[in-house]
Amino acid sequence: MPGASNTVRHPVVVEALAVLESHRRRSRFDARLLARSTAAPRARPTRGEKADLERVLESLQQWLALENQIEVQMGRLLALLSELRAWDTLGFAGVGHYGEERLSLSRSSARARAQLARRLHHRRAVAHAYSTGKIGSEAASTIDRILRTADERKNPRAGPMDRAGGLAAELTWVERACESTVKRIRDECRILRERSLADASPHRAPMPLEDVHWHAALLRRPGRSLERVAAYGHRMLGDVLRGPERPTPDVCIELNLPVDEGRAFVEALESLRVHLCDEAAREVQRSRSPAEEARLRPSQRIARELRRRRWSVPAWVAMLAMLEDYVCTWDTKHARRADAEYSRDGWRCMAPGCTSRYPLERHHVVYRSRGGSDESDNLVVLCRFHHQMGEHGGLAQVRGRAPLDLVWRLGHVDLARWYRNERTVTGATNGAARRRTNRRDDLQGCFLDDHNE
């Protein structure tokens, strides 16, 4: 088209086109490589075939890096379309609708990519690490959630933290994410958010946790869930009692569930809400002693107070009642000796990166057939896959003393990665520590100039 070469393109579009061109060149190279590598296999590969195998593995890593770049650029383009308010012009209800109809993405996935791109606009260090493949989308989103909580507590009306403090915090968290599993980053996010709820005073940006503090927070002793739900319930009750004389607004919770399960959940929630309304309407005229009132669950007391004010009981009260029923049924305070290691490890598989909670099994680090004891420091909780197919199937190995001195090998010995406390073990090679230092120096070099401007 005449004059098309002089068209000024948005920087996001230019970068996305460069990624597509890299994809085209990569496709031609791999087509030639696969044509040589798909011959009938021999019992012993030749030296040339081994070289081709190494190139295939290298190409696979490059494809994964390119896939990450495509995901980054897709999020930026979706965010750009949202900023331009292009959905009405294109005939779509929003970014989720467009992603589902045109990109074969789920609505939640399309919205999440666009939202992450918008939020990382002011997180230069995190955005750089994400766009270059040093961290994934989940790690980037979790780091933003951690720092955003600190931003809101410092000044609810302000955007990101001041650039000096914000940049230092970003670099620290990016360094932690580069050496840790997503599981560890999520754990630290949860722990820090719980601490922020307990301490409402503003303070500086939260820093990554030490291993001992991280593992101590995993403890799930019997009755703890009961105590936590009761504490949250009494906090909500206090807000209702101290609140103004106007209806308490409902809240919106978005859950990604299959249609049948989602419908069943909504029906159960509504049924419980109606039950609370009817029960509160009967009890509102009845006078109770302070002791009897204290024995009621927070959800029941909240429903009674709302009905006393002639207000409807919102769905969040039914959600609280559902949580109370669950923990009262399953979180008993009677501990068994066999549960000690499960409680210590948070009732979760301790293999690096694994978040499975069922089925769980106890594993002897030093096998009993080799003289291993039943002491706590020789026992670790694993899911059935990592226990039977991992440790006993040769796909994984764990050595050391539980809980903090265990070293894990994941994968075959020749291709394995090593972990301790959900962090990669880099002491085997002296260059690893230098690479981590250089990685942080590179990030600082990228953004200190931008900050000084």
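What pLDDT does the protein chain average, and what share of the residues score at least 70? This is a predicted model, and the chain averages a pLDDT of 80, with 75% of the residues scoring at least 70.

Among the elements of the chain, strand β2 (residues 379-383) has the highest mean pLDDT, at 95, while helix α18 (residues 430-452) has the lowest, at 44. Two stretches also deserve a careful eye. Over residues 37-43 the pLDDT is below 50, and beyond near neighbours in sequence this stretch has 3 contacts in the model. Residues 428-440 are also below 50, and that stretch has 10 contacts beyond its near neighbours in sequence. Where pLDDT is low, the predicted coordinates should not be read in detail.

**Two pairs of packed helices**

Now for some helices. Two packed helices are described by the angle between their axes and the distance between the axes. Here are both pairs:

| Helix pair | Angle | Axis distance |
|---|---|---|
| α11 (residues 224-242) and α14 (residues 298-308) | about 15° | 9 Å |
| α4 (residues 95-102) and α5 (residues 107-119) | about 120° | 7 Å |

Start with α11 and α14, which pack at an angle of about 15°. That makes α11 roughly parallel to α14, because angles under 35 degrees count that way. Their crossing is left-handed. If you want to find the contact on screen, look on α11 for Ala230, Gly233, His234, Met236, Leu237, Val240 and Leu241, and on α14 for Pro298, Arg301, Ile302, Glu305 and Leu306. Sorted by class, this contact has 8 nonpolar, 2 polar and 2 charged residues.

What about α4 and α5? Their angle of about 120° makes them oblique to each other. The crossing of α4 and α5 is right-handed. On the α4 side you'll find Val95, Gly96, His97, Gly99 and Glu100, and they meet Arg107, Ala110, Arg111 and Ala114 in α5. The class count for this contact comes to 3 nonpolar, 3 polar and 3 charged residues.

Next, the strands. Strands of a sheet pair through backbone hydrogen bonds, either parallel or antiparallel. In this model there is an open sheet of 4 strands in the order β3-β4-β5-β6, and the pairing is antiparallel. Which strands stand at the edges? They are β3 and β6: each has a single partner strand, so one side of each is left without a neighbour in the sheet.

You can follow the sheet strand by strand. β3 and β4 pair over 6 bridges in the antiparallel sense, and they form a hairpin with 3 residues between them. Across this pair, Val398 stands opposite Trp408 in β4. Trp408 also has a bridge partner in β5, namely Tyr419.

Moving along, 3 bridges join β4 (residues 405-410) to β5 (residues 417-420). These two strands form a hairpin as well, with 6 residues between them, and Gly411 in the turn has a positive phi of about 100°. Then come 2 bridges joining β5 to β6 (residues 423-424), again running antiparallel. Arg420 has Arg423 in β6 as its bridge partner. The hairpin of β5 and β6 has 2 residues between the strands, and Asn421 there takes a positive phi near 55°.

Most residues other than glycine have a negative phi, and most peptide bonds are trans.

Which peptide bond is cis with omega near -10°? That would be the one from Tyr358 to Pro359. Pro359 has its place in the loop between α16 (340-344) and β1 (360-364). The loop between α16 and β1 is also where Trp347 is found. Trp347 is not a glycine, yet it has a positive phi of about 50°.

There is also a cis peptide bond from Ala402 to Pro403, with omega near 0°. Pro403 lies in the loop between β3 (396-401) and β4, which takes us back to the hairpin that β3 and β4 form.

Technical notes:
Residues are numbered from 1 along each chain as its sequence is written. This is a predicted model: local features need pLDDT of at least 70, side-chain atom pairs count only at pLDDT 80 or more; totals for chains, interfaces and linings use all residues. Side-chain values use heavy atoms; hydrogens and water are left out. pLDDT is the predictor's confidence in each residue, from 0 to 100. Contact means heavy atoms within 4.5 Å. Axes are lines fitted to C-alpha atoms, for helices over the stretch in contact, and angles run from 0 to 180 degrees between N-to-C directions. Angles under 35 degrees count as roughly parallel, over 145 as roughly antiparallel, 65 to 115 as roughly perpendicular and the rest as oblique. A crossing is left-handed if the near helix is turned anticlockwise from the far one by less than a right angle, and right-handed if clockwise. Ala, Val, Leu, Ile, Met, Phe, Trp, Tyr, Cys and Pro count as nonpolar, Asp, Glu, Lys and Arg as charged, and the others, Gly among them, as polar. Two strands pair if DSSP finds at least two bridges between them.
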